[in-house]
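Dear colleague,

Please find the structure below, handed over for your study.

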Amino acid sequence: MRALMRALMAFLRLFYQSVYLSLGQIWANKTRSILTTIGIVIGVASVTAVIAALSGLKAKILTQVETLGSNTIFISPKRPETGPLQHAPYWSIRFLPEHFDGMLEHCPSVERFGRQTWVGGHTVTHRERSADNVSVRGIEPECHKIESRPVTLGRPLSVIDEMQVRQVCLIDPKLRNDLRLDRDCIGEPILIGHNTFYIVGVLEARPESMFGGGDQETSEIFIPFRTSFKLRRYLYVGVIAESKSAEVSDDARAEISFFLRRTRNIKPGEPDTFEVQSLKNILDMFNDIALKVTLVAGGIVGISLLVGGVGIMNIMLVTVSERTREIGLRKAVGAKKSAILTQFLIEAVVLCFVGGLVGVGFGQLLTTGIANIPNVELDMAYIPLWAIGLAFGFSGTVGIFFGMFPAIKAARLDPIEALRHE
Amino acid sequence: MIAAEADKPVIRPQNDKPVIKLQDITRVYKVGVESIHALDGISLELKENEYVAVMGTSGSGKSTLMNVMGCLDRATSGYYGLDGQDTTKLSDAALARVRNERIGFVFQSFELLGQLTALKNVEMPLIYSKNGWWSRRKRAKNVLERVGLGDRIKHRPNQLSGGEKQRVAIARALVCGPSILLADEPTGNLDSKTSESIMELFDRLHHEGQTIIIVTHEEHIAHHAERIIHMKDGRVDSDITSNRVPSDKTKMQNDERGGLS
């Protein structure tokens, strides 16, 4: 025990001394050290920036999920990956509204669902003012409850609007501004294409969303689901549903699949022509992609660290041959092989750590840069603590790996030869 | 214990215990098929507090002898006892420890580390020693004062004169309280006046009880020593102990003591 403590103390002293000496060496050879560590700096900076971007994206998506509700399930047509329908036209596998009739009775885990249509961009006119390319969506009233978009003024769309196929609409504040409508614009008529609709409510501005598409440049208009077929005869239908709780969301997905296979007349053994995705599901997919991107970035960074490591090895070899006399002297005054080895190894590791530190600094700068690019959804980019740990871990490993050979070379020097060296 | 020894001048011990005992030491270098006998059967005995000069032309084996005595090199055959301990069978690590604790080296070209201060240079051997770590600054300071550089401890080697550099190197050799001080041409890079002052320092250290071995080829340097060993072709050519114990030495010693306190 005592011997162990002694050994530990001896190592700590040596460690302290080596760190002190190597920082001195790095300071003494500033230019050289900078050039040497550039590989490490670039490697660490790029890996931290990539991880920061992905973490930011993930954080963003998680906040989206919170606003959207984590029980949400998206149902959309999809070509199967195998079978004769692999290259079927999308139109042939579209959803029909009646596919979903009676779904609630057959799917006990589903709380509610709502059908919606994307009518596409239309020109909306109010008196002389018009707004182009307004995205028009037909929604069932249930969609309001699933997608939490509060109505700030007026009322939401109702079942009666739906039943009577009324020409009413909800608009968002952006459109109200674009059309120069009064703040209280309830009851005002507007033209969507050539059809007159009456405004019944104003929605809260859209949160920056990745789902439901688009950026904040286009404004939105919501009309009753059945009314949307008046604007265009043939429309693609999508469905959003909500499971009773997050725990049963997988059950709900299974039930919906089963139900849809029957209503869409898919025979046993044939592949699905639709997909049912929960938010959790989508998150998993994102995580999967994020992991792959991280791995690819990691590979590139690995190469960069390798190059950096070779640079470190090269410079350490130069250092060893430059300081041969010093090594000889240290050995003459009683430095053991292990002491010399540790000194040079720690010097390499310290060099790498300094590179790692500067790299993380640059990574932070890059991250700030990324976060400030407009319209890229990366404004939440940040470097997580584990990434910093990883960066240091990697650069330390590179230091040990590539510093080992020069350090062994130094430790093996014969003191007499070393002292005679010019 | 060692620290105490290094800090204060020791009373001259009068016992005749051998510090170094060499028996039939050979050192053979193999160059291709030829083998060169750098040391060809050397037997020597050095007692405590002896003051020895090793002389010889280049190629006489005096440097090899110094390397062997300094445990930097291993003898090919023979017995080498240092403080009664057989060093021929020690491991590399054990030899490093022996060099650290019992041998002080002084080199012709000083071998100071340029980016460290005088104090740090002197501290260096203590970094590698087992129990010198915590007191290293104090001990280094003391020994620098002992060689007369108490006011130069923060200077770097390039701010010191040649003589001062060599004093720092001597301080470094003494800091661990070695049994023997091995000096390889300690005045080879110095002018004659500085050489003389360095030799006076060696004389004084000898009076304080230090065992000193100086390798040199200069007669007047060698004459400071009490015993002069001439080497030739890897053998001891002559081994003369001068019984010159002049009265001026005692006088000088008193002067030094006075000057130190």
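Leaving aside neighbours within four places in sequence, Pro189(A) is in contact with Thr196(A) and Tyr198(A); two residues are in contact if their C-beta atoms, placed from the backbone, lie within 7 Å. Please note that this is a predicted model, in which local features need pLDDT of at least 70, side-chain atom pairs count only at pLDDT 80 or more, and totals for chains, interfaces and linings use all residues. Residues are numbered from 1 along each chain as its sequence is written, while chains are lettered from A and ligands numbered from 1 in the order in which they are written.

Pro189(A) lies in strand E6 (residues 189-192) of chain A. Helices (H or I, at least four residues) and strands (E, at least two) are DSSP runs, numbered from the N terminus. Pro189(A) counts as exposed because it has 12 C-beta neighbours inside 10 Å. A residue is buried if 20 or more other C-beta atoms lie within 10 Å of its own, exposed if 12 or fewer, and partly exposed in between, with C-beta atoms placed from the backbone. Between the C-alpha atoms of Pro189(A) and Leu390(A), which are 201 residues apart along the chain, the separation is 60 Å.

Two residues deserve a remark on their backbone angles. Most residues other than glycine have a negative phi. Asn133(A), although not a glycine, has a positive phi of about 55°; Asn133(A) is found in strand E3 (residues 129-139) of chain A. Cys71(B), also not a glycine, has a positive phi of about 60°, and its place is in the loop between helix H2 (62-69) and strand E4 (77-82) of chain B. Are these residues buried or exposed? Asn133(A) counts as exposed, because 12 C-beta neighbours lie inside 10 Å, whereas Cys71(B) counts as buried, because it has 24.

Next comes the contact between the chains. Chain B contributes 19 residues and chain A 17 residues. On the side of chain B that touches chain A, helix H3 (92-102) and helix H4 (118-127) of chain B each supply at least two residues. H3(B) gives the most to that side, with 6 residues.

Finally, the domain assignment of chain A gives domain 1 (13-64 + 284-420) and domain 2 (72-278); such bounds come from an automatic or database domain assignment. The C-alpha centres of domain 1 and domain 2 of chain A lie 52 Å apart.

Yours sincerely
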